[in-house]
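Subject: Structure handover

Hi,

Here is the structure I promised to pass on. My notes on the strands and on one helix pair follow below it.

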Amino acid sequence: MNRISRWKQEWLPNPGTNILSGITVALALIPETLAFSIIAGVSPMVGLITSCMIAIIISFAGGRPAMISAATGALALLMVGLVRDHGVEYLFAATILTGIIQLVIGWLKLGSLIRFVPHSVMNGFVNALAIMIFMAQLVHFQGQGWTMYALVGLALAIVFGLPKLTRAFPSALAAIIVVSAVAMIFKLDALTVGDIADFSGTLPMLHLPDFVPNLDNLLIILPYSASMALVGLLESLLTSNILDEITDTPSDKNREVKGQGIANFATGFFGGMAGCAMIGQSVINVRSGGRTRLSTLTAGVVLLLLILFLSPVVKQIPMAALVGVMFMVAIGSFNWKSLGELKRAPIGDSIVMLATVGVVLYTHNLGLGVIVGVLLSAVIFARRISRIAVKAQPQPDGSLRYAVSGQLFFATATDFGDAFDSAGDPELVTIDFSDAHVWDHSGVNAIARIRGKYLEAGKSCDVVGLNEESGRLVEKMGLESYGTL
């Protein structure tokens, strides 16, 4: 596919649907962004500027059409200490450095490493995030009466009911409009966006951080920037994978990594904080029909217009409408099939998924949960493959054949060596690796040691059945001292 065809595919199909879905996302971004700004300890405008800029930039630079990137809770949690101890100017500098680190990772083409995240970890990531999205909405019910519950119920009825009648208009946007209209017409006493935080703004302006880039200061922000870069990329690439599955379309992971770097680098120069992909808003987008980069661009542009010109109107939107939409996201994002798979799946996979969910919910850190899940998966996988079987099979001619099956590497080399009896075996021994694979130096040395014992005992030991890769490794190690294998 040439560039023009790809550009048309990523931007032009169904513009009306993508614009409407982008408007829906822009409205849903506001309360989340305000909440994340409060978590990070910065003014609401910092978070709103971040969401506008990153969404607009990533619509051009990102590798996953229709994915929404903005200020996120996962990164807000990481920057609390920096803002508290050194101020917001250091945060702007850290955001720039975050972008630089991500650009380097993108240029090294490390985005493809996301394929090493197991499915069980992805399930845990999605389920934990769905639970966090749901729980984050509960705070809005505190101190509220029946009005809040009734309006949330109305929003949910529209969100889930409208698609059964028509899909021509995003149900989430319809819910926000109808619930807002009901609250305003009947003058209901309902919690609004303006009750959460006051905001109004101007166009983002170029702002050089008040930060002296000497070694001491760089060492202060480097740990924060490295953490935000890695967690941001992890969340972005996992979200990209999820949207790949939902839309059944591919994405360019390395382009996404570089796009995140460009977005954060630029945002830091405009008084913004680091951001990354948002699974909740991304799911709202694709569930509302968004499939192209136009939906992401619309979300960023509309959010900017709302801040500049319509903030008094936006402040009147009942939180019940947005809570209902986010409940939809939580319910739709949770992988309900994974609950049934807990009993059918291998016990190790179930443990990994539950551990990922548990760590995320305990720490409120999606990146840490995924890292723990991946490490636990690696340990379980290593345990699974750290088994090797060596079966002695006497032959009619009096010789002895050892049939080896499994993986021969550092973790199985000792068990492999213990399976042979060079003193008691007959004069002719054959070790057959037809059902085995030799992976490393330890495996080759184990073969060499066994063969050397037979040769020292004056017996013949033939090694056969090595596959091509194992044979090359054995030959490369140069075991002439034990004869030609």
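Two strands count as paired if DSSP finds at least two bridges between them. By that rule, β4 (residues 400–408) and β5 (residues 428–438) are paired, with eight bridges in the parallel sense. Keep in mind that this is a predicted model.

Strands first. Y402 sits opposite I431 of β5.

V429 has C461 in β6 as its bridge partner. From β5 the chain passes through helix α21 (residues 441–456) to reach β6. This β-α-β crossover is right-handed.

Now the helix pair. Two packed helices are described by the angle between their axes and the distance between the axes. For α7 (residues 119–138) and α16 (residues 319–333), the angle is about 160° and the axes lie 8 Å apart. Angles over 145 degrees count as roughly antiparallel, so α7 is roughly antiparallel to α16. Their crossing is left-handed.

Which residues make the contact? On α7, they are V126, A130, I133, F134, Q137 and L138. On α16, they are V323, M326, F327, V329, A330 and S333.

Best wishes

How values were computed: Residues numbered from 1 in each chain as written. Predicted model: local features only at pLDDT ≥ 70, side-chain atom pairs only at ≥ 80, totals over all residues. Heavy atoms only, no water. Axes fitted to C-alpha atoms, helices over the stretch in contact; angles between N-to-C directions. Helix = DSSP H or I, 4+ residues; strand = E, 2+ residues; numbered from the N terminus. Parallel < 35°, antiparallel > 145°, perpendicular 65-115°, else oblique. Left-handed = near helix turned anticlockwise from the far one by under 90°. Contact = heavy atoms within 4.5 Å. Right-handed = clockwise from strand over helix to strand, strands pointing away.
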